[in-house]
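Visitor: I have the sequence and the fold on screen. Can you walk me through how the parts pack together?

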Amino acid sequence: MSNSLPPTPGVLASPSVAAHNPLPPGMRDVLPPKARFQSRVGARIMKSFELFGYARVWLPTFEYAEVLERTPSGGGALRFVEPESGEVVALRADMTPQVARVVSTRYRTQPLPVRLCYQGSVLRRRRERARTESQVVQAGIELVGSSGLEADFEVLAALSAAVKAAGLRRFVISIGHAGIPDALLRGVASAERSAVGEALAAKDTLVLSHLAQRLGLGRQAALALVGLAELHGGPEVYEPAARLLRGTSAESAGLQLRALCERVVAAGLAPNVIIDFGETSRRDYYTGPLFQVLAEGPGEALASGGRYDHLYPRYGLEREAAGCALDVNNVCWALDAEGFVEPEFPKVVLPRSASYELLMALRSEQTVCAVAEGAAADYAKSWGWDFWLEAETTPRIVAQGGESRTLSATSPSEQAREILAFLRSVREERASGALTKAANRGS
């Protein structure tokens, strides 16, 4: 069954009704079955995080603005005055600063490292014309009080496992290191660094050459900076990168990046790994390795993360930290693009005359069932349910494809067994037919 529900009469509001009940800009309703699909994907991601030892926390939707403002991205997309205190509060744009507040106040003396995971909605102002939704469902982890190769690898391993647990099979992990361009640009003003970052992101060697000259970088640093734009790909970039960075202030960061990428590839964390020595995304935030997960569909990253050792001192606590966050909406989008089909329990609509015992007997066997006020067939067809029970005369179970079976039993438990047997036979026959069609197409 598809993960999306086609518009049907009576399910979605008409344009005239919607015009009188508008949503704020950037907000949207998530209707069934997409809401069910998204919640299940999120649940699989969180379960995967917990298997890595990350304990779940629930965080408030808004915080005092000054708490969120301690990170470049955490200031919040919407602010207002909290009536009781008169303080300015903000709806969160990211959960990392909230976790930093929790760790610095509640887990200051806890044995290290602290491992926490979270899921919830964040609010972001979109700048892209094609993407207007502001509410993002985010799930992530924070590893606090641990550093080095093993810690960075753990975060990447947990992220990879979560993406796979969600159901995605075709994805790319792109890995860079914020310390490489930062080391080459040491002493350069932040405004100039932004221009360099844009040129690196565009892989524009000509602009980088002009900038290096204008900034007065030494010959070796200038050559390294311009060369970073071409150092992205597979393991073949390691040797040119080593030659380019040898003897520069970025050499150590380059070696760290290589060691991490080799570990990721050896562990098979992703079908494809891109090593990008010139990665510059959010260098104002990350201090070490940084990474993204990419896949067909959304047109933007499904997940991102990295090391940010300068965050916790802003909350009065000296701690190294690394983490990652997935955009659950984008993960679902990528799953749809890959053709992933969410496993479904069979769903049966029963008439009002059906007994409570029959309903509970079906539910005890993991069968979704509900009662229709009117005709069970109309309800099932309108809401896209698979089966319904007709009971005007002799009870008969009917499938959307037209298959049916008259029930011979009279007791609820025996009727439930007959219904379940029919459901299994129809689903098995359809699964077999789908495999046969796929095989015929392949041949």
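Visitor: Which helices do the buried residues of α8 pack against?

Guide: This is a predicted model, where local features need pLDDT of at least 70, side-chain atom pairs count only at pLDDT 80 or more, and totals for chains, interfaces and linings use all residues. Residues are numbered from 1 along each chain as its sequence is written, and side-chain values use heavy atoms, with hydrogens and water left out. Helices (H or I, at least four residues) and strands (E, at least two) are DSSP runs, numbered from the N terminus. The buried residues of α8 pack against α7 (190–201) and α9 (219–228).

Visitor: Which residues of α8 are buried, and why do they line one face?

Guide: Buried means under 20% relative accessible area, exposed over 50%, partly exposed in between (1.4 Å probe, protein chains only). In α8, residues 205–214, the buried ones are Leu208, Leu211 and Ala212. Seen down the axis of α8, they line one face because they fall within an arc of 100 degrees (taken from the directions from the helix axis to the C-beta atoms).

Visitor: Which residues are exposed on the other side of α8?

Guide: An α-helix has 3.6 residues a turn, so residues three or four places apart point the same way. On the other side of α8, the exposed residues are Leu206, Gln213 and Arg214.

Visitor: Which residue caps the N-terminal end of α8?

Guide: Look for a side-chain oxygen that lies 3.2 Å from the backbone nitrogen of leucine 206. At the other end, α8 is followed by glycine 216, with a positive phi near 70 degrees. The N-terminal cap is aspartate 204.

Visitor: Is proline 346 buried or exposed?

Guide: Proline 346 is found in the loop between α12 (328–338) and β13 (347–350). Contact means heavy atoms within 4.5 Å. Leaving aside neighbours within four places in sequence, the contacts of proline 346 include Val368, Phe387 and Leu423. With a relative accessible area of 13%, proline 346 is buried.

Visitor: Why is strand β11 largely enclosed by the rest of the structure?

Guide: Two strands pair if DSSP finds at least two bridges between them. β11 pairs in the antiparallel sense with β10 (residues 289–294) over 4 bridges, and with β12 (residues 321–327) over 5 bridges, also antiparallel. Strand β11 (residues 303–307) is largely enclosed because its buried residues number 4 of the 5.

Visitor: Which residue of β17 stands opposite arginine 396?

Guide: Strand β15 (residues 387–390) and strand β16 (residues 396–399) form a hairpin with 5 residues between them. There, glutamate 390 stands opposite arginine 396. β16 also runs antiparallel to β17 (residues 404–406), with 3 bridges joining them. In β17, the residue opposite arginine 396 is threonine 406.

Visitor: Which residue in the turn between β16 and β17 has a positive phi?

Guide: β16 and β17 form a hairpin with 4 residues between them. The phi in question is about 110 degrees, and the residue is glycine 402.

Methods:
Polar contact = N/O pair within 3.5 Å; in protein donor to acceptor, adjacent residues only side chain to side chain.
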